[in-house]
Amino acid sequence: MQNARTISRPVKGDGGIREKEAARPFVHVLADSSEKLSSVCSILEQRFAFAGERLDAEAKLSQMPFAIVIRAELRDVHTIAAIKKRAIKFAKATKRIFLVEHPSHMSISQAYALGATLVLPGTIDKIKLLAALADSAEEASASSGQAPQQDNAVEAAATAIASMFTAVALGEPIDVDGTKEAGRKIADRITQHGLSEWLTTVRRHHEGTYQHCLLVTGVAIDFGLSLGVGRADLERLYSAAMFHDLGKARIPLAILDKPGRLDPAERAMIETHPIAGYDFLKDHDNISPEILDAVRHHHQFLDGSGYPDALGAESIGDIVRILTISDIFAALIEYRHYKPTLPRSEAYDILCGMSGKLEKALLTAFRQVALTR
């Protein structure tokens with residue numbers, strides 16, 4: 001009888017490697033309970049060779065799988081620590097799928113911070129899991145035994161944002177250089193594949209605050225590219241976009257994820273995030289004054305409305321003006337389970353209707369980004 005802490009479909013038999021099993025892609029499963037471990041392995045047993053172990057058992061990853069599947073409670077510090085101990089060993093797996101039963105943005109962000117390439121939130125879905133693994137198996141087969149060359153801009157950016165938010169929540173230092181590098185990868189990807197591909201990919205795999213940050217960054221980069229800004233200004237722009245909502249790490253999830261209209265107290269809490277983000281970043285190295293200005297003032301409008309400092313047009317810099325347009329547009333087109341996603345044309349019309357608040361010349365230049373790129 002197998003130990004309750006481990007489950008496996010062996011690749012080797014008494015007489016050597018069994019051809020049928022050897023032909024099956026190998027998946028390693030980790031879980032924080034025997035019940036969760038068994039449920040995942042029962043899904044895999046018809047199509048994959050696999051080995052599974054509980055996170056409270058001694059690590060026994062003896063061969064490199066093409067995929068890792070983790071089903072665990074990511075709000076538990078001991079579980080997180082156990083996954084981190086194994087992270088170096090499974091980092092080279094083609095696919096690292098986390099099954100997150102509590103689909104709050106904090107749990108999803110934690111999964112990406114731990115190295116997830118894909119998060120499947122909510123109740124375990126056999127069809128989605130097998131489809132994700134089948135895609136990964138095809139990638140592994142196509143690579144002819146070589147490590148797959150993946151475009152990991154979305155993965156890198158999501159992980160950077162998740163790590164940043166987690167660091168703030170835990171009072172740990174922020175990886176500024178890593179976040180900027182993730183922004184550079186987004187810029188490279190959008191330069192090669194365009195904005196529409198980026199928006200589609202992000203909305204397919206991410207949600208909530210992290211989806212918003214990824215969308216804002218992509219829109220701001222493409223806006224900057226369309227304007228022909230220099231390399232240094234583009235770096236400031238994508239860095240500001242990556243950092244702009246960092247202050248929301250201290251906003252209660254019940255407010256951030258609230259589907260209905262915020263009451264006055266909740267709205268006041270939300271409006272603390274620009275100053276909170278500014279305060280988190282102001283003492284970090286490699287954060288320029290222009291980036292700090294954008295983080296603090298991305299909700300300011302030219303007519304003096306907005307928050308937190310009621311600035312007028314003469315005090316609002318170019319990067320802030322570009323980021324504000326990108327931020328509003330991204331918020332209008334992002335996917336939320338409680339509201340429809342606006343078509344890009346309708347989102348642009350709303351921007352044009354914000355008379356006196358946004359720079360008219362920039363809005364005219366933004367039309368191409370909003371509608372055609």
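Start by selecting Ala310: this residue is exposed, with a relative accessible area of 52%. Keep in mind as you click around that this is a predicted model. Ala310 sits in the loop between α14 and α15. Check its backbone too: phi is positive, about 50 degrees, even though Ala310 is not a glycine.

Stay in that loop and pick Pro308, which also lies between α14 (289–297) and α15 (318–333). The peptide bond joining Tyr307 and Pro308 is cis, with omega at about 10 degrees.

Next, hop to Asn286, in the loop between α13 (273–281) and α14. Here's another positive phi in a residue other than glycine, this one near 65 degrees.

For the last stop, show two helices together: α6 (residues 153–170) and α7 (residues 176–193). They pack at an angle of about 150 degrees, and their axes are 9 Å apart. Angles over 145 degrees count as roughly antiparallel, so that is how α6 runs relative to α7. The crossing of the pair is left-handed.

Want to see what touches what? On the α6 side, select Ala153, Val154, Ala156, Ala157, Ala160 and Met164. On the α7 side, select Gly178, Thr179, Ala182, Lys185, Ile186 and Arg189.

Methods
Residues numbered from 1 in each chain as written. Predicted model: local features only at pLDDT ≥ 70, side-chain atom pairs only at ≥ 80, totals over all residues. Heavy atoms only, no water. Axes fitted to C-alpha atoms, helices over the stretch in contact; angles between N-to-C directions. Helix = DSSP H or I, 4+ residues; strand = E, 2+ residues; numbered from the N terminus. Parallel < 35°, antiparallel > 145°, perpendicular 65-115°, else oblique. Left-handed = near helix turned anticlockwise from the far one by under 90°. Contact = heavy atoms within 4.5 Å. Buried < 20%, exposed > 50% of the residue type's maximum accessible area, 1.4 Å probe, protein only.
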